Every structure is written in structure tokens, then in C-alpha cells.
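Hi everyone, thanks for coming. Let me put the model up on the screen, and then I'll walk you through a few things I found in it.

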Amino acid sequence: MKKFRRDASGRLTARFEAREAELLRRLARDTTQILTASRGPIIEHEDPALKRLLPDAYPDDPEASAEFRRFTADGLAERKVRNSKSLIDGLGENAGVRVSVVLDDQAAQAWLRTLTDIRLILAARLGIERDGDVGFRGTADSFRRSIEYQWVGYVQESLIRALNAQPKQ
Amino acid sequence: MNALSTPETIESLDIHEITDPLTPWNTIVWNDPVNLMSYVTYVFQSYFGFTEGEAERRMLLVHNEGRAVVATGSREEMERHAEAMHDFGLWATVSKANE
């Protein structure tokens, strides 16, 4: 990956190797799938990943929490799905090729949020619950996931730095 | 006759169902092991309009103390902030300011 930077027009650019782009597409599709499965009357979720994406606003008051969920969860899930689609759009559908992405501010905001959602899902799958947890690494699957988790963090950090940087004159 | 000696009118109000308009509410952001410190600072700065120093101070409160109050006001407004934080993937809750 070539890190994010702001170009002269203020847009954010980065370059991903073919397998990196494919990984991001897959993780974004997973996010969409998890959130789409949540549709219908959302009362409480068994899936810890979904629970973290649509968290309780009143942990000590189940009634107020359910009420908040009733009014916000569908919209929240919809916006998150839109964000993950924006990431896939930004990368394009061409598998097997290196991808240069160019994001305007709106797309950058969508990427920032969906990269967070991806990391929240991976962390939930890895059992990362408190500071310092490294998560399960005993199996090939969990080891791979843990590498992906760290790499997506790296991508996000790079995007944040570019967003904080002033446009080049 | 003292008006205070006729409490009947009060009985029709279920005090658990009403919100004291004088008691403000807080939006609280909680620590989690996933979100990057730079990201939390960025969210506080860009969404709440805090200066970089103030955003960093509240981010460190979240990181070190486990939570930080990020806004205070009406319940409706605090719920809107909590929803916005959930959009960003931060865990935010709403509670009465004096709790």
C-alpha cells in the first residue's frame, strides 16, 4: 500500500496492491452482510459484532435502550451499509489489479467510518475486549484475522493523518 | 388554608415517567480496545468542534479513566450526539448529568 496523502486539490489519494484491494472489498462486503442480517425488529442482538456496531445507549435501562434502538438502529445500519458500499465503489470491481483511489471529503468520511466498523467486527471475532488484548491466535483463521485487524488499523491511521494534513499549496 | 396541605394533585403524576426539565443530560463516550487514539481525537475535533488540545484531553480521559463526558444538554440533543458517535463506531451512552 502507498499511504494516503492529500493532493493539491485537497482530495485524498492512496494506492493498494491487488490483494490488498481484494481484502478490503471482502471485509466491506462482510460488514454489509452482518448489517443486512440485522434488519427486521431489532430488539437485542446475539452477535457481539452487531452489538458493538449498534450499541446500547442506556446500558442500565433496558426500556430506554430498546426505545433508542427502535428510533435509531435502522437508520444507523443503513448509513453503515452505505459507507461500506462507498469503500467498494472507491476501489472499483476490477479484481487482480493494483488500485489507485481518489477520495473527496464525503468519500473519505465514509471510508473512515467503515474502516472502523470493519475493525470492530474483526475485534469482536477475535475476542478483543479490553486494552492490551491481542485476541485469539491459535488457529490459522484467527491468525489471519489478527493480521487483517492490524493492517486495517494501519490504513485508517494513514487516512487520519492525511485528513489532518493541510492541502499542499 | 395552605395549598401545600393538598397533595392530591401530585398523585396523578408518575414521577418515573417524567423528565425533570431542569436536570440536564450527558453524552458519555466509553473506552474500547479497538479505536485508535488518533481517531477518537479526530472525531471529537471534527464532530464537536473542540480545539485539538481539548479533543486530546477528552480522548485521554476516555483512554485513562474509561469514559468522558463529551456533551451536556437536553435529552433529545444528547441522544442525537450518541447516535452520531455510533455512526463513527464509538460507544456512547446517555445519562442524567447528576448520576
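Let's start with A:R69, which counts as buried at 7% relative accessibility; buried means under 20% relative accessible area, exposed over 50%, and partly exposed in between, with a 1.4 Å probe and protein chains only. This arginine is found in helix 3 of chain A, helices here being DSSP runs of H or I of at least four residues, strands being E runs of at least two, both numbered from the N terminus. Its side chain joins that of A:D56 in a polar contact of 2.8 Å. By polar contact I mean a pair of N or O atoms within 3.5 Å; within protein, one must be able to donate a hydrogen and the other to accept it, and residues adjacent in sequence count only if both atoms are side-chain atoms.

A quick word on the ground rules. This is a predicted model, where local features need pLDDT of at least 70 and side-chain atom pairs count only at pLDDT 80 or more, while totals for chains, interfaces and linings use all residues. Residues are numbered from 1 along each chain as its sequence is written, chains are lettered from A and ligands numbered from 1 in the order in which they are written, and side-chain values use heavy atoms, with hydrogens and water left out.

Now, salt bridges. How many does a search of the whole structure find over all chains? The answer is 18, each being a side-chain nitrogen of Lys or Arg within 4 Å of a carboxyl oxygen of Asp or Glu. One of them pairs A:R98 with A:E17, at 3.4 Å from N to O. A:R98 sits in the loop between helix 3 and strand 3 of chain A, and A:E17 in the loop between strand 2 and helix 1, so the pair ties together parts that are 81 residues apart in sequence. A:E17 is partly exposed, at 28%. There is also a network of salt bridges linking A:R26, A:D141, A:R144 and A:E148.

Finally, the interface. Here 32 residues of chain A are in contact with 24 residues of chain B, contact meaning heavy atoms within 4.5 Å. Three salt bridges are counted between the two chains, and B:D32 forms one with A:R52, the closest N and O atoms being 3.2 Å apart. On the chain A side, helix 2, helix 3, helix 4 and helix 5 each supply at least two residues, and helix 4 gives the largest share, eight residues.

Thanks, and I'm happy to take questions!
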